[in-house]
Amino acid sequence: MSSATSEQVPVRVYGGPTTLIEYGGLRFVTDPTFDPPGEYPMPLPGDHKLVKTDPSPVTAADLGPVDAVLLSHDTHEDNLDNAGRALLSEVPAVFTTESGAGRLGGTAHGLAFWQTAELKRPDGGTVTVTGLPARHGPEGCEPISGDVIGFMLTSDDLPSVYVSGDNANLEHVKEIADKFAPVDTAILFLGGARMDFAFEGALLTLDSALGAEAAGILGARRVVPAHYDSWAHFQEGRGEIEAAFVEAGLADRLDFAR
C-alpha cells in the first residue's frame, strides 16, 4: 500500500510482534524478539512450551538506534525473548504494564490503562504515549495470562498510531475508538492464537475476522498486521488475514509492511 499516510509514519514488521515505527523523529520498537527457533518453557504448571518456528529476519543491532520500546507484556517469550531483554538495557525508555516495569527495572516505565507519558521530539515537539486496555484471552484470564497493555502514539501534527498488543477483547477496542477514532495506523496483533490447554482453546489474541472488525470500529485508514507468524500457537496467517479483510470490504487498508 502506498499513500501519504503510510509514507508519513513508516512502519516495518520484522516477524512475530516486533515492529519498528518511526514517529516524530523517534524510533519505537514493539515487543522485541530476535532469538532463534526453538522451544521456550512457559511459566505455568505442567510441561507447556511456546515453539518458535521461524528465525527473526533481523538482529537487534540491525535495527539501529532505538528511542523507546513499546512492550505489551514481559511474561511470554513470544513477546520478549532473551535478545529482546538485552536490547531493553540499551533503550532510553521502555513502556509496559505496571507489573512488568516492576519486574524489569532499568528504564522501564509502567503505564496504567489511559495513563500517558511524553517524549521529546528532536524538533522540539512532543510525542504522547498512552497506555490502552488489552486482555490476553477470555474474561477472567488475567491471573493466568498476566497483565497486558496496548499503546497509542499521538502528536499535534502527526496521525495517530495504535499498537494493540496481545488483545483478544473487542470491547476494549470499542473503548479505545470512543476516545481516539478515527485512528490513522492500527498495528494489530492477530494470528488467532490458541492453546488447547488454555481456557478451553479460547482466543488469546484477535483472529483475522475480529481484526477486520476492530479495523472498522477504529476507523483505521491503514492496518499493519503483526504477531501472526513465526510461532506454532498461531492458527491463522497472512492468507486468512487477507481473506477476512476482503470479506469485510477493507482489503485496501491492509499494509503488511515487510
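Which loop holds Ser-230? Ser-230 lies in the loop between strand S14 (222-226) and helix H7 (238-247). The model is predicted.

## The open sheet

Six strands form an open sheet. Their order is S1-S2-S3-S6-S7-S8, and the pairing is mixed. Strand S1 (11-13) and strand S8 (108-110) are the edge strands, each pairing on one side only. Neighbouring strands of this sheet are turned by 20 degrees against each other on average, direction ignored.

Inside the sheet, strand S6 (residues 68-70) and strand S7 (residues 93-96) run parallel, joined by three bridges. Leu-70 stands opposite Phe-95 in S7. Strands of a sheet pair through backbone hydrogen bonds, either parallel or antiparallel.

## The S4-S5 pair

Strand S4 (residues 38-41) pairs with S5 in the antiparallel sense, over four bridges. Glu-39 stands opposite Val-51 in S5.

## Nonpolar cores

The largest nonpolar core has 27 residues. Those with the most contacts inside it are Ile-21, Tyr-23, Phe-28, Phe-95, Val-129, Leu-153 and Ile-187. Strand S12 (residues 158-163) gives the largest share of this core, three residues. Apart from it lies another core, of 24 residues, among them Leu-188, Val-223, Tyr-228 and Ile-241. In soluble globular proteins, nonpolar side chains tend to be buried together.

Phe-95 links the sheet to the core of 27 residues: Phe-95 stands opposite Leu-70, and it is among the residues with the most contacts inside that core. Not counting residues up to four places away in sequence, Phe-95 touches Ala-68, Val-69, Leu-70, Leu-71, His-109, Leu-111, Ala-117, Leu-119, Val-129 and Phe-151.

## Helix H5

Helix H5 (residues 170-180) has these buried residues: Leu-170, His-172, Val-173, Ile-176 and Ala-177. Seen down the axis of H5, they fall within an arc of 145 degrees, so they line one face of the helix. On the other side of H5, Asp-178 and Lys-179 are exposed. The cover over the buried residues includes strand S10 (126-132), strand S11 (150-155), S12 and helix H6 (208-218).

Asn-169 caps the N-terminal end of H5. A side-chain oxygen of Asn-169 lies 3.0 Å from the backbone nitrogen of Glu-171.

His-73 is in the loop between S6 and H2. Asn-79 is in the loop between S6 and helix H2 (82-88). Why do they count as buried? Asn-79 counts as buried because its relative accessibility is 0%. His-73 is buried because its relative accessible area is 0%.

A polar contact of 3.1 Å joins the side chains of His-73 and Asn-79. The Asn-79 side chain also makes a polar contact with the side chain of Asp-166, at 3.4 Å.

Leaving aside neighbours within four places in sequence, the contacts of His-73 include Thr-96, His-136, Asp-147 and Asp-166. With residues up to four places away not counted, Asn-79 touches Pro-17, Asp-31, Pro-32 and Thr-33, among others including Phe-189 and His-227.

Phe-189 lies in strand S13 (residues 185-189). Phe-189 is buried, with a relative accessible area of 0%. Phe-189 and Pro-225 are 36 residues apart in sequence and 6.1 Å apart in space, C-alpha to C-alpha.

Most residues other than glycine have a negative phi, and most peptide bonds are trans. The peptide bond from Ala-181 to Pro-182 is cis, with omega near -5 degrees. Pro-182 lies in the loop between H5 and S13.

Ser-230 is not a glycine, yet its phi is positive, near 80 degrees. At 11% relative accessibility, Ser-230 counts as buried. Ala-257 also has a positive phi, of about 50 degrees, although it is not a glycine. Ala-257 is in the segment after H7. Ala-257 is buried, with a relative accessible area of 8%.

Definitions and conventions
Residues are numbered from 1 along each chain as its sequence is written. This is a predicted model: local features need pLDDT of at least 70, side-chain atom pairs count only at pLDDT 80 or more; totals for chains, interfaces and linings use all residues. Side-chain values use heavy atoms; hydrogens and water are left out. Two strands pair if DSSP finds at least two bridges between them. Helices (H or I, at least four residues) and strands (E, at least two) are DSSP runs, numbered from the N terminus. Axes are lines fitted to C-alpha atoms, for helices over the stretch in contact, and angles run from 0 to 180 degrees between N-to-C directions. A nonpolar core is a set of buried Ala, Val, Leu, Ile, Met, Phe, Trp, Tyr and Cys residues joined through side-chain atoms within 4.5 Å. Buried means under 20% relative accessible area, exposed over 50%, partly exposed in between (1.4 Å probe, protein chains only). Contact means heavy atoms within 4.5 Å. A polar contact is a pair of N or O atoms within 3.5 Å; within protein, one must be able to donate a hydrogen and the other to accept it, and residues adjacent in sequence count only if both atoms are side-chain atoms. The arc is that of the directions from the helix axis to the C-beta atoms.
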